[in-house]
Amino acid sequence: MTTQDDIITRLVELHDHIEAPATASRQDVLRGERLIRRRRTLSALAASAAVVMTVGIAQAVLPDGGSALVPAPQPSPSLATSPSPSTPTTPSTTPSPARSWASGEWTPERIRAEGSPGDSMPTTESWLSWRQYTLCSAAQCGPFSDGKDIHVALEVTQDGRSALFEVRGGTHESFARHFDEDSVLVQDRVGQGPRRTRLVGADGGVQELQVLEPVPPVPGPGVVVINTAPAYTGTDDVFLVDDEAGTLRPLDVPDEEIREWWPDVDEFLWGVSYNDCRVFWAAAGTMMSRTLDCQAATPIIGLYTGTYPAGWLRPGRMVVGEYRPSGALVAVHASLDRGATWARIAATDEAAVATILGQLG
Amino acid sequence: MDREAEFTAYVAARRAKLFRTACLLCGDPHRAEDVVQDTLARLYANWARASRADNVDGYVRRILVNSHYSDRRRPWRRETVATVVELPLKPGLALEDADAIWSAIRSLPPGQRKVVVLRFLWDRSVEGTAEDLGISLGTVKSQTSDALASLRRALAPQFGTTALQGEER
């Protein structure tokens with residue numbers, strides 16, 4: 001028996017000896033039924049909003065309030081849908097011999113056919129996934145090449161359907177993230193204009209979000225972090241997306257001071273500064289801040305992402321790591337009461353931090 | 001057969017295995033039960049789609065792994081290796097051996113743990129694992145190698161250095 005086989009055999013032994021609890025299948029059926037009811041309620045609310053909007057538009061356009069049909073929106077010329085018979089497919093990366101493109105024509109189809117595929121982003125439980133394709137049209141492309149040299153396309157796949165979308169501004173100016181069960185949020189820049197933000201789906205649907213004025217920093221559904229220059233500066237910004245209204249509102253926070261946001265921005269908004277030992281958090285619609293008692297020479301702080309005791313972390317609690325420039329941990333700063341009080345605990349061994357936090361309460 | 005009957009038959013045949021796998025993915029039997037319940041609720045809600053996919057196990061595997069992924073994205077529910085969580089076990093495995101293996105698997109980072117579970121407990125290929133997790137083939141290979149090296153180091157004291165000593169790949 002080889003070493004690897006021995007390890008795997010022991011894992012399988014443990015797996016096979018785990019005793020599963022006896023649970024009636026009926027309970028699983030009931031939970032499934034509850035989930036279906038919840039989804040139907042949400043769909044009905046969204047459909048009602050769409051009907052109200054359509055009727056409103058029709059009545060506004062037709063002076064006699066007539067019953068002419070409102071035409072369906074035409075698909076964007078840059079959009080291509082490619083039905084797939086059963087499962088999400090990985091598209092071919094070789095150009096089709098039957099198709100040629102004019103020089104300088106950078107369609108999403110061409111970018112997909114001739115470009116390099118990125119990793120497919122994790123499939124959600126609703127089987128939504130997406131993948132970016134990039135194509136360099138210059139002699140050489142580097143990290144700061146712009147949209148004239150690097151061409152990007154985004155393919156969204158779900159339930160046997162896929163759609164391809166243009167993404168402008170090269171990789172430097174574009175960003176994509178999962179938004180909900182059926183859509184991907186993609187941000188890019190057309191020419192020198194402002195950033196464009198869209199929700200796109202595998203059915204070819206595109207909803208461009210209108211940017212409105214900032215709103216007070218309040219966590220909740222629809223609050224998302226968008227990394228506006230993902231590979232280079234690491235700057236995170238927070239926004240409130242209302243997909244029913246089709247709007248995007250920046251949260252009124254000191255973006256230029258906050259480098260990194262704790263990821264659960266829908267539950268509790270807090271983040272840390274670049275290099276001046278400050279922590280920020282939202283309370284009653286405003287951002288509070290505090291300069292931590294950092295003691296390391298030229299300290300760097302960051303969200304503490306090590307191990308926590310089970311159940312210890314919850315909204316309102318914050319833990320910041322204080323590091324030397326080498327990356328070595330010096331201490332953690334913790335607040336258990338939404339920033340009212342803070343404790344600095346010297347800790348050079350990450351393995352001990354969970355125990356220390358557990359002792360705090 | 002209607003949806004409920006088909007689903008019930010599927011759950012009766014697979015639930016125990018899903019729970020065992022979720023235990024190893026989560027490192028916590030209580031969280032594992034939550035993840036399995038969530039997975040099966042989503043499966044039921046998507047039963048028409050899943051049964052059309054001609055590979056219900058594959059569909060469930062993806063939901064399970066991604067349910068765990070979603071759970072991990074919420075750091076409030078971050079797991080810990082600092083708290084000892086007892087694993088419910090059937091007789092037939094020495095308790096000390098079980099503890100050693102359980103601790104070893106829980107000490108792996110979540111990404112490595114998922115790769116190990118998919119590769120060696122679900123017998124997924126490198127390509128299939130990469131597809132399920134949405135990561136590259138190279139990442140699957142490196143995480144597999146790192147995980148096996150960590151497991152070897154962790155298990156050597158319990159099972160002897162001779163049996164488990166080997167060249168780390």
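Which residues touch the most other members of the largest nonpolar core?

Tutor: Happy to. A word on the ground rules: this is a predicted model, where local features need pLDDT of at least 70, side-chain atom pairs count only at pLDDT 80 or more, and totals for chains, interfaces and linings use all residues. Residues are numbered from 1 along each chain as its sequence is written, chains are lettered from A and ligands numbered from 1 in the order in which they are written, and side-chain values use heavy atoms, with hydrogens and water left out.

Now to your question. A nonpolar core is a set of buried Ala, Val, Leu, Ile, Met, Phe, Trp, Tyr and Cys residues joined through side-chain atoms within 4.5 Å. Buried means under 20% relative accessible area, exposed over 50%, and partly exposed in between, using a 1.4 Å probe and protein chains only. The largest such core has 60 residues, and A:L14, B:F7, B:L24 and B:L43 touch the most other members. Helix α1 of chain B, residues 3–26, gives the most to this core, with 10 residues. Helices here are DSSP runs of H or I, at least four residues, and strands are runs of E, at least two, numbered from the N terminus.

Let's zoom in on B:F7. Setting aside neighbours within four places in sequence, B:F7 is in contact (heavy atoms within 4.5 Å) with A:D28 and A:V29 from chain A, and with B:L40, B:L43, B:Y44 and B:W47 from chain B. There is also a second, separate core of 27 residues, which includes A:C277, A:L292, A:M318 and A:L329.

Stepping back to chain B, its secondary structure comes to 9 helices and 0 strands. Buried residues make up 54% of the 169 residues in chain B. Among the contacts in chain B with a separation of 6 or more, 61% are accounted for by residues 24 or more positions apart.

Another helix of chain B worth a visit is α6, residues 110–121. α6(B) is mostly covered, with 10 of its 12 residues buried. Among the buried ones are B:V115, B:V116, B:V117 and B:L118, but also B:R113, B:K114 and B:R119. After α6(B) comes B:D123, whose phi is positive, near 55°.
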